[in-house]
There are 2 protein chains.
Amino acid sequence: MKIVFIGAGNLATNLARELYSKGHQILQVYSRTEESAKALAKSVGSMAITNIAQTETGADLYVFSVKDSVLEQLLAQMPTTSGLWVHTAGSMPLSVFGKYHDDHGVIYPFQTFSKERKVDFSEIPVFIEANSDKNLELLENWVKTFSRKAIPLSSEKRKHIHLCGVFACNFVNHLYAVAEDILASQDIQFDVLLPLIDETARKVHELSPKDAQTGPAIRYDENVINKHLSLLANGNQKLLYELLSKNIHETNKTNK
Amino acid sequence: MKIVFIGAGNLATNLARELYSKGHQILQVYSRTEESAKALAKSVGSMAITNIAQTETGADLYVFSVKDSVLEQLLAQMPTTSGLWVHTAGSMPLSVFGKYHDDHGVIYPFQTFSKERKVDFSEIPVFIEANSDKNLELLENWVKTFSRKAIPLSSEKRKHIHLCGVFACNFVNHLYAVAEDILASQDIQFDVLLPLIDETARKVHELSPKDAQTGPAIRYDENVINKHLSLLANGNQKLLYELLSKNIHETNKTNK
């Protein structure tokens, strides 16, 4: 497939590199920032552009991987093209393309991406949606060139999946960051936490998170909870500790 | 070593089974609840007791693995014995043993334990502390029979480590549970989250959590954040979303 990337962020970078390695041709990489466009274009044998009007019009696929707030502006500025337009945003509906281009769809690879880190695409669930059965089939066949899991999903369900990702990844990572902060205050290396972090993740492959729950909050052990609150100097971390403990206790009560 | 277990909870169960498999002899298992005492005793070729006065007095090691709030009561009721007394509690100081028994220490395996799940002890950091160099050496040699990582640590630092474990394990697991809830409301299997959960954990083996952070909260993308808040019907989950997003945004501002 001949592909144009609109956007050069974390997801675009990882996806473009993966597609390039699988033999797809990346015609152009657009970014407002010349530096970003060039960095990605260079690594996938492509051409950088910073003016959306310069987009080549004869590609098979146009992948819009930009912030939700700029997607619609970019769509409005795009020239008329051939091919299929897709976006990669969890919370944007398929309908956003409506008045701009007939053949359109969504591919949402459900993973966290950083430019510094290569991930194994074959295991990533990729949620897809399109305006017609023909385009859905086209997307499915294309996704199968890099992932074993192409899963059709509505915009409504995709929004919820995105929300889950924020809890299970972005928020989880922030809790790791809080732990790192506390360890640093005691001159203890973050490494000692890794076996616990890994086991916490592995555990929910076998047990439901509700059954896997451990710790002082389940039984609302005020003895331990108050000791912990007194150790937290940071007011936001204290609030977080209180709210999470309360919620764990309440979730557990209603589940037993 | 001849060992008596006081307590038959998640940690005691996992540790006793591990020690038994490594050739240590578990003389007795005490629990207030006959059922728990018997269940663990049976699986480690041991004897169940529910009356602390029946504790054998000639063992090498007494492992107290009970809730913080009952530890001191049990210590007060113990008969005079030989050997070393240790507890396994993250937030209890070494000094709790002071008036009850001369030779004492702490072993704190830094991991999450559920009875249903076997963990690999060899990789678990085990923090140790004792009232004398001789007893610390004894503990270290004993711990090395099941873990490669026996790490001396003060009570003060152990409290902080315990607090970190609550953030990086108990609270993280609760976020998985929230995600499971949202998925269930949409009839989506929890399985689709596993690649994301795994990658989020793996990522912090290489990147600091602060560098690994992704998602709408970093740039406080109100467009996405408000959409997500409108999807959350549960008031506690909404509060959690708001607080975590605010904290991520603030952590990120001060780090950039």
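## Helix H4 of chain A

In the predicted model described here, the buried residues of helix H4 (residues 133-143) of chain A are Leu138(A), Leu139(A), Trp142(A) and Val143(A). A residue is called buried if 20 or more other C-beta atoms lie within 10 Å of its own, exposed if 12 or fewer, and partly exposed in between, with C-beta atoms placed from the backbone. Helices (H or I, at least four residues) and strands (E, at least two) are DSSP runs, numbered from the N terminus. Viewed down the axis of H4(A), the buried residues fall within an arc of 130°, so they line one face of the helix; the arc is that of the directions from the helix axis to the C-beta atoms. An α-helix has 3.6 residues a turn, so residues three or four places apart point the same way.

## Helix H2 of chain A

Helix H2 (residues 34-43) of chain A has Ser36(A), Ala37(A), Leu40(A) and Ala41(A) as buried residues. Their arc around the axis is only 120°, which puts them on the same side of H2(A). On the other side of H2(A), Glu34(A), Glu35(A) and Lys42(A) are exposed.

The buried residues of H2(A) pack against helix H1 (10-21), strand S2 (25-30) and strand S3 (47-49) of chain A. Gly45(A), which follows H2(A), has a positive phi, near 55°.

## Chain A as a whole

Chain A contains nine helices and eight strands. Of its 256 residues, 48% are buried, and its C-alpha trace spans about 65 × 40 × 30 Å along its principal axes.

## The sheet of chain B

In chain B, eight strands form an open sheet of mixed pairing, in the order S3-S2-S1-S4-S5-S6-S7-S8; two strands pair if DSSP finds at least two bridges between them. Strands S3 (47-49) and S8 (149-152) of chain B stand at the edges with a single partner strand each, so one side of each has no neighbour in the sheet. The twist averages 25° from one strand to the next, where axes are lines fitted to C-alpha atoms, for helices over the stretch in contact, and angles run from 0 to 180 degrees between N-to-C directions.

Strands S5 (residues 84-87) and S6 (residues 104-109) of chain B run parallel and are joined by three bridges. Trp85(B) stands opposite His104(B) in S6(B).

## The two chains together

A rotation of 180° with 0.0 Å of shift along its axis superposes chain B on chain A (RMSD 0.0 Å), by least squares on the C-alpha atoms of residues with pLDDT of at least 70 in both. That is the relation of a two-fold axis.

Contact joins 81 residues of chain B to 81 residues of chain A; two residues are in contact if their C-beta atoms, placed from the backbone, lie within 7 Å. H5(B) gives the largest share of the side of chain B that touches chain A, 24 residues.

## Basis of the numbering and values

Residues are numbered from 1 along each chain as its sequence is written, while chains are lettered from A and ligands numbered from 1 in the order in which they are written. In this predicted model, local features need pLDDT of at least 70 and side-chain atom pairs count only at pLDDT 80 or more, whereas totals for chains, interfaces and linings use all residues.
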